[in-house]
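Good morning, and thank you for the time.

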Amino acid sequence: MMETAESKWSQLPKDLLLTVSEIFSTTSPLHILILRSVCSSWRSSVPPTPFLKNSSLPLNLPFPIAPNPALHPQRQGHFSLTKSTIYILQNPNLSNTSTSIPPDSKPWLIRIEETREGKLRLLTPLSRIFSYLVGYPKSLNLQDTRVTEIGRAYHLDFVETSSKNIELKFGELKSILIKKAVVSEDPWIGDDYAVMAICGGKLGLIKIEEGKWSPFDDPWQWEDVVYHNQKFYAMDYNGRTVSIGLDLKANEVAGPFYGGGGESKNLVKSQHGLFLVDKYMGLDFKYEGMNIYKLNEEQKRWDYVDVDKLNEEEMSWHYVDTLGDQVFLVGYGCSYVVGARDFPGLRGDSFPLV
């Protein structure tokens with residue numbers, strides 16, 4: 001019976017396989033790899049990168065976001081909007097109630113970026129550093145692996161097109177380096193979406209159909225931005241938080257923290273609301289009012305993290321003493337939330353940080 005079933009699967013018509021691959025192409029290129037790994041017949045019938053036909057990414061966007069007198073007059077280029085996807089890879093035979101996980105069955109967190117050439121680039125999960133697979137399995141059978149997408153991140157990179165080799169000045173960096181970029185809707189769906197970016201501490205928004213940046217005119221230095229509940233939310237270095245519509249009208253939803261809070265702030269969106277992970281680095285005393293996540297043995301100093309949840313009705317952040325089943329994954333320019341019960345080997349009420 002098994003051989004008969006397998007032969008029937010392998011003999012599916014090519015046009016049907018292509019239809020299935022088109023459906024998968026709207027979700028993730030990794031799903032295409034899984035589809036092609038079923039058998040040699042499927043691998044020969046399904047092209048490796050059909051998703052590129054349906055994707056608008058990478059997408060070129062105009063440069064600069066805002067005028068900068070420090071820019072060299074002959075500096076030319078554009079921004080390239082790209083996407084990376086974060087997955088958790090698991091042993092499918094483990095149950096959600098497993099308490100003891102063998103070392104070779106622990107879940108793996110990976111980050112894959114799609115290039116214009118149709119290549120898949122493996123990155124460090126919570127940053128965009130190229131990964132050399134240190135500690136990862138030497139081989140991976142996608143048929144014996146449960147692959148779960150937990151989030152997507154978007155990036156803006158400057159692409160130089162100047163005809164001359166122009167020396168880069170320090171003052172130009174605030175126009176070239178993008179701290180973070182987020183999109184309002186999934187670009188797979190169409191061109192009816194917007195991108196908001198933090199560049200030189202300032203916010204800029206571009207509606208893809210209009211193709212023009214609109215700088216956000218304000219005196220603040222912005223630390224993080226997310227898209228949550230059909231609105232952009234941005235936070236400055238002192239904790240001041242605003243919601244911003246596509247018309248660039250901002251409404252303050254929380255005032256600044258007394259003393260400004262910690263040195264590094266990350267907004268984390270969850271089905272339970274909008275959270276803030278506030279990191280205090282290198283304190284010379286042990287403060288019991290926060291969650292200790294690391295002791296710097298060399299410097300003999302304490303690093304702390306404070307987690308708060310936004311209450312828009314009261315226009316303030318409220319301290320959170322537990323995350324429940326949630327696991328916060330917070331990195332450079334990205335943050336994700338997963339439920340520990342869905343991933344054996346993960347512990348709830350935790351937040352791995354980099």
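The model is predicted: local features need pLDDT of at least 70, side-chain atom pairs count only at pLDDT 80 or more, and totals for chains, interfaces and linings use all residues. Residues are numbered from 1 along each chain as its sequence is written, and side-chain values use heavy atoms, with hydrogens and water left out.

Rings of Phe, Tyr and Trp (its six-membered ring) pair if their centres lie within 6.5 Å; planes under 30 degrees apart are stacked, over 60 edge-to-face, and the rest tilted. The count comes to 7 aromatic pairs. Among them, Phe-79 and Phe-158 are edge-to-face, because their ring centres are 6.3 Å apart and their planes stand at 70 degrees. This pair links distant parts of the chain, with Phe-79 in strand β2 and Phe-158 in strand β5, 79 residues apart. Strands are DSSP runs (E, at least two residues), numbered from the N terminus. Ring pairs join Phe-63 to Phe-79 and Phe-158 in a cluster.

Buried means under 20% relative accessible area, exposed over 50%, and partly exposed in between (1.4 Å probe, protein chains only). Phe-79 is buried at 0%, and Phe-158 is buried at 18%.

Is Asp-278 buried or exposed? At 2% relative accessibility, Asp-278 is buried. This residue lies in strand β15, residues 273-283.

Finally, β19 and β20 pair in the antiparallel sense over 6 bridges; pairing requires at least two DSSP bridges between two strands. Phe-328 stands opposite Val-337 in β20, and 5 of the 6 residues of β20 are buried.

How values were computed
Helices (H or I, at least four residues) and strands (E, at least two) are DSSP runs, numbered from the N terminus.
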